[in-house]
Structure formats: C-alpha cells, structure tokens
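Subject: Structure handover

Hi,

Here is the structure I promised to pass on. Have a look at it first, then read my notes below.

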Amino acid sequence: MKILFYNHTGKVSGAERMLELTLAGLDRSRFKSIVLCPKDGPLVEMVRGFGVRTEICPELQLRFTLRLDLLIKYLVSFWTVLSKVRSTVVEVDPDVVHANSIRAGLVATAATLGLGTHVVWHLHDLLPRHPFSTAIRAFAVLFARTRMIAVSQAVADNFAGKFFSLRKRVSVILNGIELDRFKQVAGKRNAIRKELQLDETDFVIGIVGLLTPRKGQLALLRNFPRVLEQVPHAKCLIVGGAVFNKDEQYAELLRKTVAESGISDRVHFLGSRADVPAIMQSLDLLVMNSSVEPFGLVIVEAMACGTPVLAAISGGIPEIIQHSRTGWLIKQGNDRLLVDSIINLAESLETRQLIATRAREHALNTFSSSRYLRDLELFYQATAPVTQDQPEVLAQSEAAKLAF
C-alpha cells in the first residue's frame with residue numbers, strides 16, 4: 001500500500017513526533033511511505049533520515065479568525081498549498097493520503113476532489129468553540145471517502161460534535177511511545193542532577209512541553225512561591241521551547257515572572273532538550289497543567305520512566321490516568337488545589353512510589369509503539385480493497401468494519 005503523508009508545517013511538536021514513530025515503524029514490505037511537507041523546520045531532515053521520499057510544499061497559513069484581511073491571506077495560502085498537494089497526489093497516485101492534522105485534512109480533502117482518493121485525517125487537536133469549527137465538521141461530513149483517527153476519545157467526541165454521522169467515521173487510536181527510550185537506567189537521575197547542580201535532597205518538579213499559554217507553565221510559576229513556603233527544598237525545571245506564533249513573548253513572560261518573584265535560584269529554564277527521558281528520571285514529580293490537552297504524550301513518557309505525574313483534568317488526560325492509582329488528577333484552573341497537591345505529594349514518598357510503579361506497568365501494557373503501529377496498520381488495511389493475500393488479516397481486524 002502506498003501512503004502519502006501530508007504535514008502542513010515543517011516544525012516539530014506532538015503530531016510530528018507521532019509521524020516520526022510511524023515512519024520508523026511501519027512494515028516497509030507492505031507500506032510505502034512518501035512525505036509531503038514544508039522545507040522550513042526540522043521535519044524534512046528528520047523524514048529524510050529514515051530514507052523516505054520527501055516532497056516539498058509551501059507552509060499552510062490558516063488560523064481561526066474573523067478578520068477580513070487575514071481571511072484573504074489565509075485563503076490565498078490555502079489555494080497555493082492545495083494546488084501543490086493535488087499535483088503531488090496526481091503524480092504519486094497513493095492508495096491513501098494521511099493528513100497529519102485537521103488543517104492538513106481540509107487541504108488534502110479539497111485537493112483530491114474528483115480523484116476519488118481516500119483521505120485520513122489524523123486528529124491531534126481539540127476544535128475550539130468557533131463558527132469555523134462547525135464549518136469544518138460540515139465539510140468533513142460531505143465526503144464519504146474521508147476517515148478520521150483521533151488520539152483520544154475526547155478528541156473523537158469533540159470533532160464529531162452534533163454530527164452523528166461523523167461518529168461512525170472516527171476511530172480512536174491512542175498514541176504510543178518507544179518504550180526502550182524511556183526505560184529506567186541506573187545513573188541517569190544522578191547524572192542530570194549533577195549537571196543541574198541539584199542536591200539529592202531537593203524535591204524536583206518539572207513541566208515538559210512547548211512554551212505556550214495552553215500548557216499552563218505561567219500558573220505553575222506564579223504559584224511556586226506558595227509551594228516553597230511548605231517545601232523549601234523544592235526546585236522547578238521548565239523543559240521546552242517556544243515554537244509557534246507569538247510563543248516567544250510568552251516565554252519572556254515566564255522568565256519575567258520568575259525574576260519578579262525572586263525565585264530565580266529555584267527555577268531552571270532548560271529549553272528544548274534531546275535527553276528528555278533522562279530529565280524525567282531526575283524528577284520527583286512531573287506536573288501537567290494544560291488547559292487544553294488532546295492526549296498528553298508527555299504523561300505517558302513520564303509513566304514509562306517511573307516518574308509520578310500530577311495533571312490537571314483536560315481533554316484525553318483522564319483516559320491515561322486513573323486518579324490516585326496511576327497518577328494524581330486535579331481540577332484544571334484551581335491554583336489552590338495545584339499547590340496543595342504538590343505539597344502533599346512532596347511530603348509522601350510512599351504515595352509517589354506507589355503511583356509511579358502502577359503507572360509504569362500501565363504504560364508498558366497500553367502505550368507501546370508496537371501496539372500503536374499494529375492498530376494503525378490494521379486501520380490502513382481496512383481502507384484498501386481486499387486482495388487475495390489480505391482477507392484473513394482483514395477478517396480479524398475490528399478496523400475492517402470501518403473500510404471505505
């Protein structure tokens with residue numbers, strides 16, 4: 001089967017990390033991958049590193065807005081990218097176009113009008129309350145040749161909305177990770193702590209992800225002085241960089257907040273790191289304070305590392321964490337509960353260890369890359385016509401019920 005992956009941006013975040021996992025793990029004896037993406041950003045080199053054919057297209061400029069001048073700009077960008085996607089589809093003639101975002105799904109579906117090409121929208125995001133969100137759902141309903149993969153049930157429900165017919169076309173495939181990258185290795189914890197000049201007696205919390213408002217770093221930093229009142233040996237690691245839109249301004253606000261609070265000696269900004277597994281193993285607690293979180297890949301990574309997680313309830317997070325068993329859940333936006341929970345967990349090593357043990361077992365059993373790739377391959381097989389060498393596989397696949 002020939003699959004054309006279309007990614008609307010050349011930057012790398014959660015969706016692109018799953019694309020990386022897919023390209024690395026798909027059975028190449030059965031699936032041929034081609035990637036279409038912009039050249040600006042690290043994605044294209046990552047793809048070429050796998051020896052996968054890469055085609056270049058302009059970056060899509062398309063965001064939610066009601067401003068007429070921006071709408072015109074975005075429509076011009078949409079048409080320009082659409083033309084390139086269509087010409088690539090005609091040349092490549094794929095069995096399936098895998099559009100790696102909602103925006104990519106809109107482009108790929110419009111670009112293949114009249115071609116009859118099957119298009120898969122990979123839903124990595126939650127649609128906001130906006131008139132255009134309803135328009136997107138209505139557009140998706142119009143084309144029976146489209147199917148959707150949602151990274152969580154929360155994302156599936158959000159995308160379908162009140163369109164009942166869409167619910168039948170959205171399949172949930174939970175994200176997976178390369179477990180070997182996150183396995184516990186003796187010495188990693190001490191090595192990172194030594195690098196960052198952290199004492200073994202320090203209670204180290206960390207928040208890992210893009211520096212962007214929805215990730216909730218600002219609320220954590222504003223409340224960290226209250227944590228220090230009860231846990232004076234606490235330290236906080238901020239891991240991640242500003243990548244999209246005006247996120248650099250947000251990053252500067254984080255640094256300013258730390259300086260004005262007088263806690264610069266307690267907070268370390270580490271930027272983007274290639275050794276996230278080692279950093280996670282150096283933590284006593286990972287905090288996920290997102291206001292919008294479609295899945296929560298960082299949570300799964302922390303679980304696999306044996307690091308306990310405190311998370312605000314949002315999107316797909318409750319599908320990963322069972323409160324007080326495999327993690328600690330709090331109401332999103334409740335600063336007092338955030339502070340109290342950090343303090344309580346800091347004071348209870350036994351609770352943290354019990355949570356971490358159960359969470360690691362859950363991650364190993366549920367979120368492996370092999371499970372993810374198996375589910376994805378079955379889904380792809382269900383989109384292709386049954387051939388003589390496929391019937392047994394398709395008959396055994398629940399995904400076959402979703403065949404185009």
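Let's start with helix α12 (residues 297-305): nine of its nine residues are buried, so the helix is largely enclosed by the rest of the structure. Buried means under 20% relative accessible area, with exposed over 50% and partly exposed in between (1.4 Å probe, protein chains only). Helices (H or I, at least four residues) and strands (E, at least two) are DSSP runs, numbered from the N terminus.

Before going on: this is a predicted model, where local features need pLDDT of at least 70, side-chain atom pairs count only at pLDDT 80 or more, and totals for chains, interfaces and linings use all residues. Residues are numbered from 1 along each chain as its sequence is written, and side-chain values use heavy atoms, leaving out hydrogens and water.

Back to α12: among its buried residues are L297, E301 and C305. Its buried residues pack against α1 (14-25), β8, α11 (276-282), β11, β12 and α14 (349-366), contact being heavy atoms within 4.5 Å. Just after the helix, G306 has a positive phi of about 80°.

Then there's the sheet. It is open, with six parallel-paired strands in the order β10-β9-β8-β11-β12-β13; two strands pair if DSSP finds at least two bridges between them. At the edges, β10 (267-271) and β13 (328-330) each pair on one side only. Two bridges link β8 (residues 203-208) to β11 (residues 285-288), and I205 has L285 as its bridge partner in β11.

Helix α13 (residues 335-346) packs on this sheet, touching β8, β11, β12 (309-312) and β13.

Cheers

Key. Axes are lines fitted to C-alpha atoms, for helices over the stretch in contact, and angles run from 0 to 180 degrees between N-to-C directions.
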